[in-house]
Amino acid sequence: MSKNAAFCAELKSRNGVEVDPAERQPVEADLGADAIQYKLTPAGLRQLFKSLSDQSPSGGASTDTGPRG
């Protein structure tokens, strides 16, 4: 399993919730069947964005020293 696939599987298992049919139908109408599998809790979104911000464009460690004002 790739590093990205493993990250996505962990994110889904820890922070994924079912999508309400009322939300699912318009998405699938626009993007096709099974276009949306789950949605993330607020904690899951924070984890996703944190992991994205921890990586520099070159894939190395971030040089970010704190929040942006």
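Asp 54 is partly exposed in this predicted model, at a relative accessible area of 38%. Its side chain forms a salt bridge with Lys 50. The closest N and O atoms of this pair are 2.8 Å apart. Lys 50 is exposed, and its relative accessible area is 52%.

The whole structure holds four salt bridges. Another of them pairs Arg 14 with Glu 10, with 3.2 Å between the closest N and O atoms. Both residues belong to helix H1. They sit four residues apart, about one turn of the helix. Arg 14 counts as exposed, at 61% relative accessibility. Glu 10 counts as partly exposed, at 33%.

A salt bridge also joins Glu 28 and Arg 24, at 3.5 Å from N to O. These two residues are four apart in helix H2 (residues 21-31), so about one helical turn separates them. Glu 28 is partly exposed, with 22% relative accessibility. Arg 24 is partly exposed, with a relative accessible area of 22%.

Helix packing was examined for H1 and H3. The axes of H1 (residues 3-15) and H3 (residues 42-53) come within 9 Å. They cross at roughly 155°. Angles over 145 degrees count as roughly antiparallel, and H1 and H3 are therefore roughly antiparallel to each other. Their crossing is right-handed. On the H1 side, Phe 7, Glu 10, Leu 11 and Asn 15 make the contact. H3 contributes Ala 43, Gly 44, Gln 47, Leu 48 and Ser 51. By class, the contact residues comprise four nonpolar, four polar and one charged.

Note on methods
Residues are numbered from 1 along each chain as its sequence is written. This is a predicted model: local features need pLDDT of at least 70, side-chain atom pairs count only at pLDDT 80 or more; totals for chains, interfaces and linings use all residues. Side-chain values use heavy atoms; hydrogens and water are left out. Axes are lines fitted to C-alpha atoms, for helices over the stretch in contact, and angles run from 0 to 180 degrees between N-to-C directions. Angles under 35 degrees count as roughly parallel, over 145 as roughly antiparallel, 65 to 115 as roughly perpendicular and the rest as oblique. A crossing is left-handed if the near helix is turned anticlockwise from the far one by less than a right angle, and right-handed if clockwise. Contact means heavy atoms within 4.5 Å. Ala, Val, Leu, Ile, Met, Phe, Trp, Tyr, Cys and Pro count as nonpolar, Asp, Glu, Lys and Arg as charged, and the others, Gly among them, as polar. Buried means under 20% relative accessible area, exposed over 50%, partly exposed in between (1.4 Å probe, protein chains only).
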